[in-house]
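This briefing goes through one protein model, from overall figures down to single residues. Please keep the structure open while reading.

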Amino acid sequence: MLAGIVRQCAAQGSGMQITMLNRRESLRLAGRTALLLATSGSKNGAAARRGAPQIAMPPLDRPDGSVGRRITRTSFGMHLVGVTGWSQPGGARTPPVNFGCGSVRVWDTGATWRMLNPARNRYDWRTLDAEMAQWRKAYRDVLFCLGQAPDWATRPKSSRGTYSPHVPNDPAYGAEFVTELLNRYPQIKAVEIWNEPNFERYFDGTIEQLVAITKAQATAARAARRDIIVVSAAPQPFSDGGAYFGRYLTHLQRANAGSLIDALGCHTYVQPREPEIIGPLVERLRKLADDRGFHQPLWSTEFGWGEYRREEASAIERTHSMAEQQAIGYLLRGFAVSLGYGLERQYYYAADKDFSLIHLFADRPRLRIAAPGHALAVLADMLDGAILFRPFEEGGVLSQKFRDSAGRFGNIVWTRSGAPLMVRPPPGAHAYNCFGTMISVDSPIQLSGTPIYLRAPQV
């Protein structure tokens with residue numbers, strides 16, 4: 001399966017061949033896969049001898065009652081901030097790698113409104129031109145996050161470099177920028193109104209002011225490009241249960257601005273908790289939106305696990321990285337759970353930021369893909385064009401059914417429990433580890449927090 005992804009990415013000119021077509025890297029990954037399989041096998045035997053519970057998995061094509069959702073490459077989104085050296089140690093450039101994702105979000109790259117528009121009617125596109133040239137090699141579309149007004153457009157001024165929480169004196173200033181931006185960059189397929197406006201470090205205005213900005217920028221975007229996707233401002237709702245998200249939508253509706261929005265933005269950080277917590281959060285946001293007459297799809301334009309204060313730690317202590325197997329499990333489960341619960345897109349933050357505890361690159365400069373990055377590419381390839389269903393839990397086993405683009409049924413299976421659990425795949429099923437390597441089904445398989453994939457055989 002991994003070899004197929006390499007060939008596909010190379011054929012698409014996606015940029016992944018920069019690292020994935022390296023023979024030494026291929027051998028290194030093959031060795032890791034062999035070790036993983038050998039370790040799993042020894043654990044399986046030991047667990048079986050201890051009398052660990054053995055659970056028979058249901059047939060792959062048995063419906064679970066949930067409504068499936070179509071997944072595409074652009075359901076998987078990424079932040080790749082350092083393609084021109086921005087925020088990278090020594091200014092080293094991150095290679096344009098997509099990890100199987102179809103879309104990239106422009107945020108934390110040094111290309112904010114305030115940096116690109118230093119004076120009214122004057123633009124400096126050099127940074128964004130260089131970044132676009134790199135992203136174009138790897139991604140099908142680009143989501144640009146607006147906001148962060150330049151000093152000439154606000155009172156007071158900001159001293160935070162590329163960022164400013166201050167409200168523009170006139171919403172028309174932002175509308176002018178949107179028009180110029182979309183006229184210059186046809187590869188921008190979607191614009192997002194503002195980043196985390198519920199935090200004062202990003203937005204210090206009122207919701208009424210945010211609604212005025214939304215209306216002005218959304219109207220300008222639609223005038224510039226009929227096919228543009230307008231994403232609402234994206235609050236971070238985990239800390240307040242979605243209260244700000246709900247108030248924002250209420251004020252948009254009162255201002256008759258709901259029809260200007262094509263997708264509802266949010267961030268789905270749940271750190272330091274496990275990725276399954278994203279599911280109820282998405283349900284909460286969906287209900288808040290539906291109750292206010294907003295039935296547009298939900299886009300999570302950021303999620304991930306980053307550093308936080310030690311006194312808040314529970315699942316993960318303050319550190320610069322997760323253990324590899326935990327990182328793989330959290331990343332894959334985060335995407336699968338999010339999309340299964342109904343997010344239309346989920347963007348991981350970030351492939352090349354030290355903030356992130358899940359490292360997609362193996363070293364500095366970032367020239368080798370780490371194991372979580374390889375595993376994400378396998379998941380994205382497997383689900384491209386698939387119908388994905390909501391996960392469910394039974395007997396300590398979490399299962400998430402899917403039907404792939406060829407019509408074959410499959411099941412993503414993992415456990416959150418620390419107790420050993422053995423599963424017997426259904427008759428005729430093939431089993432694969434997170435790197436797409438086939439696992440023997442001659443004996444029960446021990447589950448862990450790293451998903452395995454059960455799939456119907458190819459016809």
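A residue counts as buried when its relative accessible area is under 20%. In this predicted model, 56% of the 459 residues of the protein count as buried. The points below start with the whole chain, then turn to the sheet, one of its strands, the aromatic rings and a glycine.

**Overall figures**

- The protein contains 11 helices and 19 strands.
- Taking contacts between residues at least 6 apart in sequence, 75% join residues at least 24 apart.

**The parallel sheet**

- Strands of a sheet pair through backbone hydrogen bonds, either parallel or antiparallel.
- Here 8 strands form an open sheet with parallel pairing, in the order E7-E6-E5-E4-E3-E10-E9-E8.
- Strand E7 (229-231) and E8 are the edge strands, each pairing on one side only.
- On average, neighbouring strands of this sheet are turned by 25 degrees against each other, direction ignored.
- Helix H5 (residues 126-135) packs on the sheet and touches E4, strand E5 (141-145) and E6. The direction of H5 makes about 165 degrees with that of E4.

**Strand E9 and its partners**

- Is strand E9 (residues 298-303) buried or exposed? In E9, 6 of the 6 residues are buried, so the strand is largely enclosed by the rest of the structure.
- Strand E8 (residues 264-267) pairs with E9 in the parallel sense, over 4 bridges. Within this pairing, His267 has Glu302 of E9 as its bridge partner.
- A right-handed β-α-β unit is made by E8, helix H9 (residues 278-291) and E9.
- E9 is also joined by 4 bridges to strand E10 (residues 343-348), and these two run parallel. Trp299 stands opposite Arg345 in E10.

**Aromatic rings**

- A pair of aromatic rings is described by the distance of the centres and the angle of the planes.
- Pairs count when the ring centres lie within 6.5 Å, and by this rule there are 16 aromatic pairs.
- Why is the pair of Trp107 and Tyr202 edge-to-face? Planes over 60 degrees apart count as edge-to-face. The ring planes of Trp107 and Tyr202 are at 65 degrees, with the centres 5.9 Å apart, so this pair is edge-to-face.
- Trp107 and Tyr202 are 95 residues apart, and their pair links distant parts of the chain. Trp107 is in the loop between strand E4 (103-106) and helix H4 (113-116), while Tyr202 is in the loop between strand E6 (188-192) and helix H7 (207-224).
- Trp107 and Tyr202 are both buried.
- The rings of Phe303 and Trp305 have planes at 75 degrees and centres 5.8 Å apart, so they too form an edge-to-face pair. Phe303 and Trp305 are buried.
- Phe303 and Trp305 belong to a cluster linked by ring pairs, together with Phe76, Tyr330, Phe335 and Tyr348.

**Gly304**

- Where is Gly304 found? Gly304 is in the loop between E9 and helix H10 (324-340).
- The relative accessible area of Gly304 is 1%, so this residue is buried.
- Neighbours within four places in sequence aside, Gly304 is in contact with Tyr269, Gln271, Tyr348 and Tyr349.
- Gly304 and Gly334 are 30 residues apart in sequence, and their C-alpha atoms are 8.1 Å apart in space.

Terms used:
Residues numbered from 1 in each chain as written. Predicted model: local features only at pLDDT ≥ 70, side-chain atom pairs only at ≥ 80, totals over all residues. Heavy atoms only, no water. Buried < 20%, exposed > 50% of the residue type's maximum accessible area, 1.4 Å probe, protein only. Contact = heavy atoms within 4.5 Å. Pairing = 2+ DSSP bridges. Right-handed = clockwise from strand over helix to strand, strands pointing away. Phe/Tyr/Trp six-rings, centres within 6.5 Å; stacked < 30°, edge-to-face > 60°. Axes fitted to C-alpha atoms, helices over the stretch in contact; angles between N-to-C directions.
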